[in-house]
Structure formats: C-alpha cells, structure tokens
Amino acid sequence: MMDLGTFGNPTPMARKIVSGYDVPEGVDIRGHYDEEFAKILTKDALQFVADLQREFRSHIKYALECRREAKRRYNEGAMPGFDPATRNIREGEWKCAAVPPSVADRRVEITGPVERKMIINALNSGAKVFMADFEDALSPSWENLMRGQVNLKDAVDGSITFHDKARNRVYKLNDQIAKLFVRPRGWHLPEAHIFIDGEPATGCLVDFGLYFYHNHAAFRRNQGAGFGPFFYLPKMENSREAKIWNSVFERAEKMARIEGGSIRATVLIETLPAVFQMDEILYELRDHSVGLNCGRWDYIFSYVKTFQAHPDRLLPDRVQVGMTQHFMRSYSDLLIRTCHMRGVHAMGGMAAQIPIRDDPAANEAALDLVKKDKLREVKAGHDGTWAAHPGLIPACMEVFTNNMGHAPNQIQTMKREDSATLTEEDLLQRPRGVRTMDGLRLNTRVGIQYLAAWLTGSGSVPLYNLMEDAATAEISRVQNWQWLKYEVELNGDGLGVKVTKELFGRVVEEEMARIESEVGKEKFKKGMYKEACKIFTRQCTAPILDDFLTLDAYNHIVIYHPKGSSSL
Ligand SMILES: CC(=O)SCCNC(=O)CCNC(=O)[C@H](O)C(C)(C)COP(=O)(O)OP(=O)(O)OC[C@H]1O[C@@H](n2cnc3c(N)ncnc32)[C@H](O)[C@@H]1OP(=O)(O)O
Ligand SMILES: O=CC(=O)O
Ligand SMILES: [Mg+2]
C-alpha cells in the first residue's frame, strides 16, 4: 500500500516505490515507469539535472520576466532595435573560438525528431550533420522524450538498431554517419513529469542534462574528435538567455572534467528581437559557439507576435512570406556578415518542400523550389543549409558543392561587407503581398491537422506536400489571430470580405468537414481533430495572443502515473 505522508503526498521512500525510479532528494518523477527509461533517469543523472535547475532557475525566471517586459513595451508601440548599451560588443574586434575540425564542413544538415528509425535514417542520409530535435519537430510527451533519450544514447555509442517488423527490415548505422547535434526545447517549456523542489523542471535543462550526462564521453570519443557534444539552441530573444546557456555549458564541463570550450552550440536566430542581438549572443557564447542559423519559420511567427499590437504590420498569406521578402533577406544577409566577422558558421534554414512520391511533375517542381532556395543561400554566403527529408540531401549537396567547391565553408571568403549598412528599417520592413480566403482556409486546415497530430504524438508531419512542424503551425495560428483581431479585409481575391468571428466560425466548420473527407471518417473519428479544433479556435479568437501554441496544448499530453499520486 502507498505510504502517504502527513499531508497526503508520498514520503520520499513511498514516492520511490510509486514512481519506480531511484531519485535524489527533492526530485519527483511523475511520468510512467519503464525499464529503459530507468537507465536514463538514474539517480546521478537526475542529480545533475537538479543541480542545473537549482543553479539557474532564478536566472531563467528573470530572463522570461524580461521577455514579458519587452512584450509589454512592443505592445505599447515600441519597436525592437539594436541596444545602445551593447554597442561596444557590436563594434568591437573579437572572434569566437576556432571551429572544431570535426564540424568545419556542415554544407547540408538533416533535421528530424528523436524517433528511433528516423535517427538511423538521418545519420545514414549522407548529410554532414543530423540535428536531432526535442523541439519544433517533437511532441514532448513523456514517452517521446524518454524514448528519444534512449535512442540518442544508443546512437552515440553506435549500437542503435531498429527492426521494422511490418517490412521485415533491420536498420543499423553505416560506417560513415552524420555528426550529431541535439536541439533541446526552448526556455519557456516546462517538463511537467519531473518536479524539482516542488516545481516542474525546465524542459531544456532536462533534455540537455540527461543527454549530456549519458553521452559526453562517448560522443567526444566517437564523433567530436575531442570536442562536443554539439547542440542547437532555439527561440532565444536576448543575449542574457545565451549567457545562461554558456554558464550551463561551463557547469557541465566542470562536472564532466573536460576542457572549457568542448561543448559547442549553434544558436537559431528565429525571433525578431534576437536579430538585433546576434553579436551579443555570439559574444556570450564565444568559447562555445559554432555559429548561428536562420530559423526562418519561427522568425516569421515571431514577427507577428512581436507586432501583435501593431495593426500596420499585418502579414499577407503565409505562402507569400518567403526568404525573398526584404526583411527576410536582410536578416539572412546580416546573419552571414555577423557570423563571418566572428569566425563561425552562418547556417541557412529549411525549405518546407518534401518529396512527392506519387506525382513526378509535382515532385520535380518541389525539388526545383528547394534547389532555388539553396542556391540563394549559398550565393549569399551561407556555409550550409537544412533539409527536412533524406530524399533532398543529394540536391542540396550538389548546389552547395557546385558553389563552394572543396572548401568546407565560406567563413573566410564571404565577408558580406555590403551588409554593414543594413538598418533597423531593413530588418523590420513590412512584408508585401495580399490576403486571401484561401490563405485563411489553409491556415485553419493546416493548424488543426498539425495540432491533431501533435496531440497524438507526432511533432512533424507532411501536409499538402509540405513539412509542417510547431514553427510552421505557429504562423498559421498567429496569422489567423492577427487577421481576426483587426478584422482585416481579404484583399487578394476580389471578395473584399472582412475576417470576422462569424466568418471564421464558418471557415472552421467547412474546413473540419474538408479534413474529414480528406482523411476519411474512420481516421477522423479515431484522431484528435475535434480537440485540436477546439484548442486552435480558442487560440485564434483569444482576446490576448497566447505566447505559444504548444504551451496550452502541452496540458493535454501530460499524464501522471499513478494518477493522483501527488498534489504538490
Ligand atoms: C522549422 C523547423 O524547425 S525545421 C526542423 C524541424 N522539422 C523537422 O525536422 C522535420 C523533419 N522531417 C520529417 O519529420 C519528415 O520528413 C516529414 C514528417 C515531413 C515527412 O515524413 P514521412 O511522411 O514519413 O516521409 P516519407 O514517407 O517520404 O519517408 C520516407 C523515408 O524517409 C525517412 N525520413 C523522412 N524524413 C526523415 C528525416 N527528416 N530524417 C530521417 N529520416 C527521414 C522516413 O523515416 C522513411 O524511411 P523508411 O523508408 O526507411 O521507412
Ligand atoms: O527552427 C527552425 C525554424 O525555422 O523555426
Ligand atoms: Mg524553430
């Protein structure tokens, strides 16, 4: 029988039995027990995560408070811009630590969730790097997160295999594999299945801490040639957040007794405020940096979010907001200039097209779009790019190799001095284009289907021949919200209709019917489309914009075991 303490919460001893995990003082695991997970959630590894949480929680709280404060200022009409206080950093002569030789060449990087078969396929794909994702591409259920940690551990020690029983196919690693980078969640996401001192742990410290603890030695031996592990860091808004990561890395290096500067990370510049902080972010991470990346999808989402109270900055249809819009091109150009000035990689981003198996002409057209996007990136000076699917690697590789030749990167050769004159106006310029009923319908159809997939455990899905993940779905959500909030006129299809709640209600109903007919009655009934529709509709019509689609949705995937074991 469960031994409940005086106030109804399990005593430490009882909690140990309840959860099945052997936890250190102050740590409470509320996710289900699994023997494989227990090899990850060891007492020592949890102690390391708890130490990180205790050391950095006040810094994280402060950084998130600063985000709220900046939002308040933008909502009162202020514009993001360069910080006068950090001018010396922007204008100073300094460089980041030299790029580790093992990751000098990153011309094509594949990304994907930390799913077992995909990890093997991605590492075998021929890409130079695989970014294993706990973030945009993953629905952060307890099962997905812990299974992901098990998979990564097996990948790093080289023992990972997968048996696809339906096809009787066994997957294992090739001799030559991509270098592994891991992307933990953003600072804002809690891990509700692990409580530390009575509070949910910070999601990214759990992802980072468990992965680092179990893999740093094998990684440096097998992958990093003495460096590593390597990370991608998402969704930061200010260099103070990069400073926290830098301190986390120092703390981890100390714990592992490895040289300072072993851990390396690429920061995604994927929020509008962060584009004004690129030098500052690199400066904070200068001993641990391997560059910046244009996270274009979250960046577009962030443009809407930052300007949520600015009705003069409404977005046109989502499909029209590409990298050739002036504000997007300026962001990529400035990122290249900044990285190369500081001696690190300027990585490009993700084209959303994926192979279309059953339509060769459409497939060719999609591939052409990907190549065009990659050609623009390499000519602009990017040192590498992202691909969402193994089928795209050869084409992306060819474009970069044709233009970079045998040089591993363009850090020394593409200084982009011409971008020194880019201004705040360039970086904020309103995107051009029109708004249409089709745009509203597509946002709605995509947003609901993505969320339905996310609620059932899939964080990246193919929809209408494009890759959709949390970042692309965010654009659909906030664009609908923005159009509804300001009751904008749909000016691109000659209808002259205003986006009102009534219109949106009809659109939702009709698009749900269309989804049902597209996916079939059976799948529609079994899936979580109705729940997704409720969440998506609420968020699109909320008087105050939710910060993140996945924060509210997360509450729907948290499951405690055993139910009601603890109320603190
Ligand atoms: C905005 C951002 O943050 S971008 C970064 C985050 N997003 C991502 O990482 C998305 C990554 N891509 C994907 O998840 C997938 O490609 C999807 C969901 C878009 C499409 O997946 P699917 O429909 O399964 O593709 P498809 O059926 O064509 O897959 C064919 C094979 O390629 C594999 N595959 C597809 N994408 C990937 C990938 N990114 N990594 C590794 N393997 C992959 C599949 O597992 C499958 O393998 P198999 O033949 O051995 O069974
Ligand atoms: O993480 C990448 C993005 O585009 O968002
Ligand atoms: Mg992103």
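How many residues of domain 1 are in contact with how many residues of domain 2?

**Entry 1: ground rules.** I am working on a predicted model, in which local features need pLDDT of at least 70, side-chain atom pairs count only at pLDDT 80 or more, and totals for chains, interfaces and linings use all residues. Residues are numbered from 1 along each chain as its sequence is written, while chains are lettered from A and ligands numbered from 1 in the order in which they are written.

**Entry 2: domains.** I looked up the domain assignment and found domain 1 (12–40), domain 2 (50–428) and domain 3 (437–554); such bounds come from an automatic or database assignment. For my opening question, I noted 12 residues of domain 1 in contact with 13 residues of domain 2, a contact being two C-beta atoms, placed from the backbone, within 7 Å. On the domain 1 side, strand 1 and helix 2 (35–40) each supply at least two of the touching residues. I use helices (H or I, at least four residues) and strands (E, at least two) as DSSP runs, numbered from the N terminus. That side of domain 1 divides into five nonpolar, three polar and four charged residues. My classes are nonpolar for Ala, Val, Leu, Ile, Met, Phe, Trp, Tyr, Cys and Pro, charged for Asp, Glu, Lys and Arg, and polar for the others, Gly among them. The C-alpha centres of domain 1 and domain 2 lie 32 Å apart.

Entry 3: Strands count as paired if DSSP finds at least two bridges between them. Axes here are lines fitted to C-alpha atoms, for helices over the stretch in contact, and angles run from 0 to 180 degrees between N-to-C directions.

I checked the hairpin of strand 7 and strand 8: two residues lie between the strands, and Asp 197 in the turn has a positive phi of about 50 degrees. Four antiparallel bridges pair strand 7 (residues 190–196) with strand 8 (residues 199–202). Ile 196 stands opposite Glu 199, and Glu 191 stands opposite Ala 201.

Entry 4: I found eight strands closing into a barrel, order 2-3-6-9-10-11-12-13, with parallel pairing. The twist averages 25 degrees from one strand to the next. Strand 2 and strand 13 (residues 384–387) are joined by three bridges, and Glu 109 has Trp 386 as its bridge partner in strand 13. Helix 5 packs on the sheet, touching strand 2 and strand 3 (129–133), at about 175 degrees to the direction of strand 2.

**Entry 5: ligand 1.** I counted 23 residues around ligand 1, the closest being Thr 111, Gly 112, Asn 121, Asp 136 and Ser 460; a residue is near if its C-beta atom, placed from the backbone, lies within 6 Å. Strand 2 (108–113), helix 5 (116–123) and strand 14 (461–463) each give two or more residues to this shell. Helix 5 gives the largest share, four residues. Domain 2 and domain 3 both contribute to the shell, so ligand 1 lies between them.
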